[in-house]
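Here is a short briefing to read with the model open beside you. Take a moment to find your way around the chains, and then we can go through a few features together.

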Amino acid sequence: MSRSVWKGPFVDSYVLKKAEVSLEGGRNEVIKIWSRRSTILPQFVGLTFGVYNGRKHIPVMISEDMIGQKFGEYSPTRTYYGHGADKKAKRK
Amino acid sequence: MSNEMIFVGAIVGSFGVNGEVRLKSFTSAPEAISDYGPVFNENGTRSFIVSLTGQLKNALSAKLSGVLTKEDADALRGLQLFVPRSKFPKLPDDEYYYADLTNLGVFDAGGVQIGKVKSVQNHGASDILEISQLGKITTILLPFTRQNVPTVDTKASRIVINPPDGLFEDLS
């Protein structure tokens with residue numbers, strides 16, 4: 001069963017506080033968080049979070065299409081990355 | 001760089017009795033393994049033209065030039081397949097092949113070398129450079145953005161980074 005709409009999205013309060021401080025400061029920084037269960041909110045777009053995967057913080061740059069997902073979805077806990085082959089990286 | 005051989009796939013066994021093989025492709029679109037012309041073995045002594053014949057569970061079935069019987073196909077089990085880097089098409093500005101970024105020297109704005117690019121990763125959000133620091137075991141993960149990586153010079157084998165605050169201090 002999905003979460004009731006009246007409750008709103010779940011976000012750990014410390015994540016909101018850290019994001020607010022970073023937005024006010026306007027610095028280029030990675031915001032370290034351990035809360036993989038928190039929902040990505042619209043005010044996080046443009047920020048970079050370091051999402052803990054049990055071993056290290058994986059940098060996750062938030063874009064609009066990630067809103068509504070959970071932070072943990074972008075920080076895998078297992079380490080098989082495959083082979084590079086012809087894969088391409090785009091500098092955003 | 002153009003003579004570099006890129007690992008694109010492997011033969012995992014034979015398929016059927018007509019000399020076809022089970023092929024594991026590591027290209028971004030698995031079928032693209034046949035788009036780059038003949039594939040080579042690791043030292044470049046043998047080459048094969050790949051014609052894909054079907055889709056299997058976690059693999060592709062393919063016919064390789066010069067492989068006519070099941071025995072020939074069985075003998076190729078475990079063979080790694082490579083393509084010359086020069087066969088890859090040119091990319092627009094700000095797009096790079098993982099193979100081109102790996103092993104580039106990492107320098108700060110002052111020209112001091114920090115380390116090397118160990119790998120490029122993407123977990124669904126954006127591309128991330130894994131940087132191994134000189135003289136340290138730990139690696140740093142840096143989002144591949146214009147702000148963090150203002151200069152990429154593949155010809156000079158170097159990138160210049162402008163890391164976010166606190167990224168390096170935490171590990172020192």
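How many bridges join strand β9 of chain B to strand β10 of chain B? There are three, linking residues 105–107 of β9 with residues 113–122 of β10 in an antiparallel arrangement. Please keep in mind that this is a predicted model.

**The six-stranded sheet**
- In chain B, six strands make an open sheet with mixed pairing, ordered β12-β11-β10-β9-β14-β13.
- The edges are taken by β12 (139–143) and β13 (151–153) of chain B; each has a single partner strand, so one side of each has no neighbour in the sheet.
- On average, neighbouring strands of this sheet are turned by 30 degrees against each other, direction ignored.

**Strands β1 and β7**
- Strand β1 of chain B (residues 5–15) runs antiparallel to β7(B), and five bridges join them.
- Opposite Met5(B) you will find Pro84(B) in β7(B).
- Strand β7 of chain B (residues 80–84) is largely enclosed by the rest of the structure, because four of its five residues are buried.

Definitions and conventions
Residues numbered from 1 in each chain as written. Chains lettered and ligands numbered in written order. Predicted model: local features only at pLDDT ≥ 70, side-chain atom pairs only at ≥ 80, totals over all residues. Heavy atoms only, no water. Pairing = 2+ DSSP bridges. Helix = DSSP H or I, 4+ residues; strand = E, 2+ residues; numbered from the N terminus. Axes fitted to C-alpha atoms, helices over the stretch in contact; angles between N-to-C directions. Buried < 20%, exposed > 50% of the residue type's maximum accessible area, 1.4 Å probe, protein only.
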